[in-house]
Amino acid sequence: MKIVNVHEAKTHLSRLLEQVEHGEDIVIARSGTPVARLVRFASDPRPALLGIYQGQGWISDDFNEPLPDEIQATFEGTG
(Lines give C-alpha, C1' and ligand atoms only; values in the text may rest on other atoms or scores of the structure.)
Protein backbone atom coordinates (compact mmCIF):
# COMPACT_ATOMS: atom_id res chain seq x y z
CA MET A 1 0.00 0.00 0.00
CA LYS A 2 1.42 3.34 -1.07
CA ILE A 3 1.45 6.31 1.34
CA VAL A 4 1.48 9.89 0.03
CA ASN A 5 1.23 13.24 1.79
CA VAL A 6 -1.64 15.65 1.16
CA HIS A 7 0.45 17.95 -1.06
CA GLU A 8 1.52 15.05 -3.29
CA ALA A 9 -2.06 13.77 -3.43
CA LYS A 10 -3.33 17.18 -4.57
CA THR A 11 -0.52 17.62 -7.07
CA HIS A 12 -0.74 14.14 -8.61
CA LEU A 13 -4.39 13.18 -8.13
CA SER A 14 -4.89 12.02 -11.73
CA ARG A 15 -1.85 9.73 -11.55
CA LEU A 16 -2.98 8.35 -8.19
CA LEU A 17 -6.46 7.67 -9.58
CA GLU A 18 -4.92 5.68 -12.43
CA GLN A 19 -3.03 3.57 -9.89
CA VAL A 20 -6.23 3.00 -7.92
CA GLU A 21 -8.03 1.95 -11.10
CA HIS A 22 -5.38 -0.73 -11.50
CA GLY A 23 -6.07 -2.10 -8.02
CA GLU A 24 -3.60 -0.25 -5.80
CA ASP A 25 -4.81 1.25 -2.50
CA ILE A 26 -3.30 4.61 -1.57
CA VAL A 27 -3.13 6.11 1.92
CA ILE A 28 -3.15 9.89 2.22
CA ALA A 29 -1.28 11.18 5.25
CA ARG A 30 -1.03 14.55 6.96
CA SER A 31 2.29 15.13 8.75
CA GLY A 32 2.99 11.40 8.48
CA THR A 33 -0.32 10.39 10.08
CA PRO A 34 -2.71 8.44 7.82
CA VAL A 35 -6.05 10.22 7.47
CA ALA A 36 -7.69 8.70 4.39
CA ARG A 37 -7.49 5.78 2.02
CA LEU A 38 -8.07 6.04 -1.72
CA VAL A 39 -9.55 2.78 -3.02
CA ARG A 40 -11.26 1.64 -6.19
CA PHE A 41 -15.02 2.21 -6.14
CA ALA A 42 -17.00 -1.02 -6.27
CA SER A 43 -20.65 -0.57 -7.14
CA ASP A 44 -23.14 -3.18 -6.03
CA PRO A 45 -23.92 -5.20 -9.17
CA ARG A 46 -27.10 -6.68 -7.69
CA PRO A 47 -30.32 -4.89 -8.71
CA ALA A 48 -32.73 -3.87 -5.98
CA LEU A 49 -35.53 -6.38 -5.55
CA LEU A 50 -38.57 -4.33 -4.63
CA GLY A 51 -41.41 -6.16 -2.96
CA ILE A 52 -39.36 -9.27 -2.22
CA TYR A 53 -41.08 -9.71 1.17
CA GLN A 54 -44.55 -8.60 0.06
CA GLY A 55 -47.27 -10.38 2.02
CA GLN A 56 -44.85 -11.88 4.56
CA GLY A 57 -45.38 -9.38 7.38
CA TRP A 58 -48.20 -7.60 9.12
CA ILE A 59 -48.78 -4.66 11.45
CA SER A 60 -51.19 -5.03 14.33
CA ASP A 61 -54.28 -2.80 14.34
CA ASP A 62 -53.25 -1.43 17.76
CA PHE A 63 -49.68 -0.60 16.63
CA ASN A 64 -49.99 3.09 17.55
CA GLU A 65 -51.82 2.53 20.83
CA PRO A 66 -50.02 3.36 24.11
CA LEU A 67 -48.10 0.50 25.72
CA PRO A 68 -49.36 -1.04 28.98
CA ASP A 69 -47.92 0.84 31.99
CA GLU A 70 -45.60 -2.00 33.08
CA ILE A 71 -44.02 -2.32 29.64
CA GLN A 72 -43.70 1.47 29.23
CA ALA A 73 -41.99 1.66 32.63
CA THR A 74 -39.45 -0.94 31.48
CA PHE A 75 -38.55 1.14 28.43
CA GLU A 76 -38.23 4.27 30.57
CA GLY A 77 -36.12 2.47 33.18
CA THR A 78 -38.58 3.21 35.96
CA GLY A 79 -40.01 -0.25 36.40
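In which helix does Glu8 lie? Glu8 belongs to helix 1. This report on a predicted model begins with the overall fold and then turns to particular residues.

## Overall Fold

The protein contains three helices and three strands. Along the sequence, these elements follow the pattern β-α-α-β-β-α. The radius of gyration is 26 Å, whereas the globule rule gives 12 Å for 79 residues, so the protein is more spread out than a compact globule. Along the principal axes, the C-alpha atoms fill a box of roughly 65 × 40 × 20 Å.

Of the 79 residues, 14% are buried. The accessible surface of the protein amounts to about 7200 Å², and carbon and sulfur atoms account for 55% of that surface. When contacts between residues at least 6 apart in sequence are considered, 21% of them join residues at least 24 apart.

Helix 2 comprises residues 13–21, and its buried residues are Leu16, Gln19 and Val20. These residues cover an arc of only 100 degrees around the axis, which means that they lie on the same side of helix 2. Ser14 and Glu21, by contrast, are exposed on the other side of helix 2.

The buried residues of helix 2 pack against several elements: strand 1 (2–5), helix 1 (6–11), strand 2 (26–30) and strand 3. After helix 2 comes Gly23, which has a positive phi, near 100 degrees.

## The Position of Glu8

If neighbours within four places in sequence are left aside, Glu8 is in contact with Arg15 and Leu16. Leu16 is also one of the buried residues of helix 2.

A further relation concerns Ile28, which is 20 residues from Glu8 along the chain. The C-alpha atoms of Glu8 and Ile28 are separated by 8.9 Å.

## A Nonpolar Surface Patch

On the surface, a nonpolar patch is formed by Leu49, Ile52 and Tyr53. Together, these three residues have about 380 Å² of accessible area.

Tyr53 is located in the loop between strand 3 (33–38) and helix 3 (69–76). The relative accessible area of Tyr53 is 62%, and Tyr53 is therefore exposed, the cut-off being over 50%.

Conventions. Residues are numbered from 1 along each chain as its sequence is written. This is a predicted model: local features need pLDDT of at least 70, side-chain atom pairs count only at pLDDT 80 or more; totals for chains, interfaces and linings use all residues. Side-chain values use heavy atoms; hydrogens and water are left out. Patches are made of residues with over 30% relative accessible area and no salt bridge: like charges are joined within 9 Å, nonpolar side chains (Val, Leu, Ile, Met, Phe, Trp, Tyr) within 5 Å. Accessible areas come from the Shrake-Rupley method with a 1.4 Å probe; for residues, only the protein chains shown count as cover. A salt bridge is a side-chain nitrogen of Lys or Arg within 4 Å of a carboxyl oxygen of Asp or Glu. Helices (H or I, at least four residues) and strands (E, at least two) are DSSP runs, numbered from the N terminus. Buried means under 20% relative accessible area, exposed over 50%, partly exposed in between (1.4 Å probe, protein chains only). The arc is that of the directions from the helix axis to the C-beta atoms. Contact means heavy atoms within 4.5 Å. The radius of gyration is taken over C-alpha atoms; the globule rule is 2.2 Å times the number of residues to the power 0.38.
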